[in-house]
Amino acid sequence: KRLTLLFWIKHVLPLLVLGFIRLATTKGLEYQEHVSEYGVHWNFFFTLAGMAPLAQLVPLGWFIPLVCMAVYQILLSYRGLQDYVENAPRTC
């Protein structure tokens, strides 16, 4: 399937806009962010915006994003990735 401009406007752009609004408001208002939620500089709207085009590019469009999210959750929960994300040394 081709990713058309209409697809981007309808599915991806609103998620990106919401992601940047959330980023701007949480940083601008110095709102407390829990690092365990999505890390310091990420939010779920960006994740959803990235999954939408990926789902359109592959056959069985739901399968690859589902596998990506499942593997990521397994790495967070059982392979120590969450500890690394929350407690890794920061350089800035």
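1. Distant parts of the chain are linked by the pair, since Phe20 lies in helix α1 and Phe46 in helix α3, 26 residues apart.

2. The model is predicted: local features need pLDDT of at least 70 and side-chain atom pairs pLDDT 80 or more, while totals for chains, interfaces and linings use all residues. Residues are numbered from 1 along each chain as its sequence is written, and side-chain values use heavy atoms, without hydrogens and water.

3. Helix α3 covers residues 44–57. Its 14 residues reach 21 Å from first C-alpha to last, close to the expected 20 Å (1.5 Å times one less than the number of residues). Helices are DSSP runs (H or I, at least four residues), numbered from the N terminus.

4. Phe46 counts as buried because its relative accessibility is 12% (buried is under 20% relative accessible area, with a 1.4 Å probe and protein chains only). The buried residues of α3 also include Met51 and Pro53. Among the elements covering them are α1 (5–28) and α4 (63–78).

5. α3 and α4 pack at about 135°, with axes 7 Å apart; axes are lines fitted to C-alpha atoms over the stretch in contact, and angles run from 0 to 180 degrees between N-to-C directions.

Terms used
Helices (H or I, at least four residues) and strands (E, at least two) are DSSP runs, numbered from the N terminus. Buried means under 20% relative accessible area, exposed over 50%, partly exposed in between (1.4 Å probe, protein chains only). Contact means heavy atoms within 4.5 Å.
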